[in-house]
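User: I'd like to go through the labels on this structure one at a time. Can you set each value against its cut-off for me?

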Amino acid sequence: MKVAVVGATGAVGMEMVKVLEKRAFPLDSLVLLASERSAGKTIEFKKDKIEVRKLERDSFEGIDIALFSAGSKISKEFAHYAVSSGCIVIDNSSAFRMEPDVPLVIPEINPEDLASHKGIIANPNCTTIILSLPVWPIHKKYGVARIVSCSYQAASGAGYSAMLELKEETMAILTNKPYERRVFPFQYAFNLFPHNSPMQDDGYCEEENKVIQETRKIFHDSSFNITITCVRVPILRAHSLAINIELSKEANIDDIYKILENASGVEILEEREKNRWPMPVDASEKFPVFVGRIRKDRTIKNGIWLWVVGDQLLKGAALNAIQIAEKL
């Protein structure tokens with residue numbers, strides 16, 4: 001088994017290498033690929049230092065699985081070269097997610113979709129994964145009639161450079177020094193703003209429409225009622241979501257707890273007497289998606305609230321991709 005990571009020096013690419021090691025993925029050799037400016041760098045894997053190679057069209061000869069995390073432009077340019085070399089591509093960008101013949105997979109939800117792949121499998125958007133994981137098992141038993149959600153998204157969603165910018169800008173403000181932003185259009189430290197992805201004609205930003213469209217595809221329901229507002233918050237890693245769910249039939253809150261306690265990849269974290277619920281610091285560098293504040297919405301029939309936190313770089317990206325590879 002020969003595995004390649006494309007975009008190996010990026011935030012998600014580096015996490016992919018770590019997850020491959022942590023989960024003891026059964027590979028015999030690992031090839032690390034990136035841009036020309038990153039070629040020659042080394043990344044540690046199982047106590048060995050592997051040199052990063054420049055990504056070329058012929059980089060995939062002999063590769064069995066390629067994990068792509070270098071952005072849509074690179075995926076569109078190189079993924080088909082990988083497939084033509086006999087390689088299966090698991091792509092973390094938005095390049096192929098909504099193509100009808102490309103499976104969009106969260107292994108805990110729709111692993112059966114992997115059987116229909118034609119060489120490319122898409123990894124969903126990080127917010128989509130973190131939202132869908134706890135909602136799906138509830139939907140299976142009670143049916144979800146509608147979701148209204150707000151996401152509070154960390155700098156990690158915009159890559160390593162955004163995480164670095166948040167650190168630098170925070171230090172600059174604390175020391176009363178000027179700072180020139182390179183990633184975000186607005187002050188990020190000690191501030192928040194609606195998600196900075198491109199605004200669409202329907203009034204939703206690109207990130208919000210990704211969550212809506214991808215959730216419908218994963219759930220195999222093109223009319224699934226879901227709406228969301230995505231917000232950037234000055235957190236380094238781990239996204240948080242407030243999720244309001246209207247069920248198709250009445251559910252006891254104790255039953256919701258039981259469902260989530262048994263849900264794969266989900267962990268309940270709360271201490272009600274201490275007013276203690278999941279936080280980004282709890283989820284950072286952890287595999288599970290954490291859930292708390294499970295309660296009735298008293299304003300609508302069959303309504304419940306969830307508070308959900310998950311590491312955007314792990315279950316929201318790298319871990320989900322490795323789990324797809326494990327299923328394959």
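Analyst: Let's start with accessibility: buried means under 20% relative accessible area, exposed means over 50%, and partly exposed is in between (1.4 Å probe, protein chains only). Bear in mind that this is a predicted model, where local features need pLDDT of at least 70, side-chain atom pairs count only at pLDDT 80 or more, and totals for chains, interfaces and linings use all residues. Residues are numbered from 1 along each chain as its sequence is written, and side-chain values use heavy atoms, with hydrogens and water left out.

User: How do you know whether Pro103 is buried or exposed?

Analyst: With a relative accessible area of 5%, Pro103 is under 20% and therefore buried. Pro103 lies in the loop between β7 (88–91) and β8 (120–122). Leaving aside residues up to four places away in sequence, Pro103 touches Asp113, Ser116, His117, Ile120, Ile121 and Ala122 (contact means heavy atoms within 4.5 Å).

User: Why is strand β15 described as largely enclosed?

Analyst: In β15 (residues 303–310), 6 of the 8 residues are buried, so the strand is largely enclosed by the rest of the structure.

User: What makes β12 and β14 partners of β15?

Analyst: Two strands pair if DSSP finds at least two bridges between them. There are 8 bridges joining β12 (residues 239–247) to β15, running antiparallel, and 6 joining β14 (residues 289–297) to β15, also antiparallel. Gly303 of β15 is the bridge partner of Glu246, and Asp297 stands opposite Gly303 as well.

User: Why are β10 and β13 said to stand at the edges?

Analyst: The open sheet has 7 strands in the order β10-β11-β9-β12-β15-β14-β13, with mixed pairing. β10 (193–194) and β13 (266–268) each have a single partner strand, so one side of each is left without a neighbour in the sheet.

User: What makes α3 oblique to α5?

Analyst: The axes of α3 and α5 come within 9 Å and cross at roughly 50 degrees. Axes are lines fitted to C-alpha atoms, for helices over the stretch in contact, and angles run from 0 to 180 degrees between N-to-C directions. Angles under 35 degrees count as roughly parallel, over 145 as roughly antiparallel, 65 to 115 as roughly perpendicular and the rest as oblique, so α3 is oblique to α5. The contact is made by Thr127, Thr128, Leu131 and Ser132 of α3 and Glu207, Lys210, Val211, Glu214, Thr215 and Ile218 of α5.

Key
Helix = DSSP H or I, 4+ residues; strand = E, 2+ residues; numbered from the N terminus.
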